[in-house]
Amino acid sequence: MSAVLTPLPSDGRDESADRPQTGDVPTRLHASALSEVWLGDSARLTEAVGDLGANLIVTSPPYALGVDYGQTSYADDQPYAEYLRWVHRWAATLLDVAAPDGRACINIPLDSNKGGKRAIYADYLRIFQEVGWTYQTSIVWNEQNISRRTAWGSWMSPSAPFVTAPVEMIAVFYKDTFRRPSRGGRRGDITRDEFLAWTLGTWTFAGANPRRVGHPAPFPEELPRRLIKLYSYPEDLVLDPFVGSGTTLIAAMRLGRRSVGVEINPQFCDLTVRNVTAANASLEAVS
Ligand SMILES: C[S@@+](CC[C@H](N)C(=O)[O-])C[C@H]1O[C@@H](n2cnc3c(N)ncnc32)[C@H](O)[C@@H]1O
């Protein structure tokens with residue numbers, strides 16, 4: 001069953017602003033045979049695309065960690081309670097634009113240490129289930145990033161030691177039904193070895209380099225590549241509502257899935273379009 005959308009408050013929006021802001025209904029910037037890029041607020045995606053019927057959602061939202069996403073269209077330093085209300089809104093929108101057997105894979109940290117220890121992953125599990133998604137499983141992504149280990153609390157003393165898990169999580173949900181039998185002779189494209197390895201829920205591979213990608217918080221292509229092969233069929237529709245530099249769209253194209261990406265920052269939209277166009281050209285050169 002679809003969740004009821006909470007109306008977006010209009011008071012936060014500046015009607016005269018000449019740049020996209022939270023609350024703007026997305027508009028389509030780019031379309032090719034396999035991918036589309038939309039500019040605007042993914043919480044209002046339903047108003048732009050109606051019943052999209054996304055088979056798989058793969059995304060990494062902003063984490064309220066104060067990341068500079070380049071402009072005022074989205075402020076990543078809002079109070080945590082407001083941030084969670086915002087998550088509630090777009091989680092409900094995603095349910096509306098998913099197919100009845102659609103799945104959602106959401107990449108978030110286990111904990112957040114900004115402004116005190118927060119169980120951000122636990123909050124996401126609660127919110128997604130509150131809006132109507134059903135929980136399926138969790139995957140632990142071990143980025144092997146120990147450089148984050150800067151706060152020890154009380155050094156070598158039980159007085160107040162801090163324990164930090166340098167991992168991110170991927171929460172997997174589904175809409176109405178998890179089972180998706182193959183129809184019309186379609187088959188998945190995951191290999192035996194990939195299936196055996198990836199159904200063990202601890203994944204170890206390095207993160208992406210923000211400077212090389214030109215985006216402050218990209219994930220590596222390996223992350224959407226695994227999720228897409230594990231949870232979708234070729235030709236399915238993959239959605240990333242926080243597409244950033246376009247990593248999910250590129251992984252989807254290379255695997256023969258259709259894809260839609262939404263992004264609120266026009267510079268990142270342009271970056272995605274450039275990346276998608278380049279990936280398309282190299283795919284055409286190979287075929
Ligand atoms: C963690 S980044 C995603 C990075 C992406 N996975 C990649 O590999 O490049 C989150 C993105 O969400 C965008 N964003 C923030 N608020 C948004 C909104 N309301 N609608 C759509 N995109 C939004 C930010 O500009 C940022 O690019």
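**Ligand shell**

I began with the ligand and sorted its shell by class: twelve nonpolar, eight polar and two charged residues. I counted Ala, Val, Leu, Ile, Met, Phe, Trp, Tyr, Cys and Pro as nonpolar, Asp, Glu, Lys and Arg as charged, and the others, Gly among them, as polar. Of the 22 residues around the ligand, I noted Pro218, Phe242, Gly244, Ser245 and Thr247 as those that come nearest; a residue is near if its C-beta atom, placed from the backbone, lies within 6 Å of the molecule.

**Ground rules**

I am working from a predicted model, in which local features need pLDDT of at least 70, side-chain atom pairs count only at pLDDT 80 or more, and totals for chains, interfaces and linings use all residues. Residues are numbered from 1 along each chain as its sequence is written.

**The sheet**

I traced an open sheet of nine strands in the order S1-S2-S9-S8-S3-S4-S6-S5-S7, with mixed pairing. Strand S1 (27–31) and strand S7 (202–204) stand at the edges with a single partner strand each, so one side of each has no neighbour in the sheet. On average, neighbouring strands are turned by 20° against each other, direction ignored. I took helices (H or I, at least four residues) and strands (E, at least two) as DSSP runs, numbered from the N terminus, and called two strands paired if DSSP finds at least two bridges between them.

**Strand S6**

I looked up S6 (residues 167–174) next and found six of its eight residues buried. Buried means 20 or more other C-beta atoms within 10 Å of the residue's own, exposed 12 or fewer, and partly exposed in between, with C-beta atoms placed from the backbone. S6 runs antiparallel to S4 (residues 98–109), joined by seven bridges. In that pair I located Ala104 opposite Phe173, and Ile108 with Met169 as its bridge partner. S6 also pairs with S5 (residues 134–142) in the antiparallel sense, over eight bridges; here Asn142 stands opposite Val167.

**Strand S8**

I checked which way the S8 side chains point: Leu237 and Leu239 go one way, Val238 and Asp240 the other, and all are buried. In a regular strand the side chains alternate between the two faces of the sheet. S8 runs parallel to S3, with two bridges, and Leu56 stands opposite Val238. S8 is also parallel to S9, with four bridges; Leu237 faces Arg258 there.

**Helix H2**

I compared the length of H2 (residues 80–97) with expectation: its 18 residues should span 26 Å at 1.5 Å a residue, and the end C-alpha atoms are 26 Å apart, which agrees. The expected span is 1.5 Å times one less than the number of residues. The buried residues of H2 include Tyr83, Trp86, Trp90 and Asp96. I found the buried residues packing against helix H1 (45–49), S3 (54–59), S4, helix H3 (120–131) and S8 (237–240). Contact requires C-beta atoms, placed from the backbone, within 7 Å.

**Pro216**

I placed Pro216 in the loop between helix H5 (210–213) and helix H6 (222–231). Pro216 counts as partly exposed because it has 16 C-beta neighbours inside 10 Å. Not counting residues up to four places away in sequence, Pro216 touches Val67, Asp68, Tyr69 and Pro210.

Technical notes
Contact = placed C-beta atoms within 7 Å. Axes fitted to C-alpha atoms, helices over the stretch in contact; angles between N-to-C directions.
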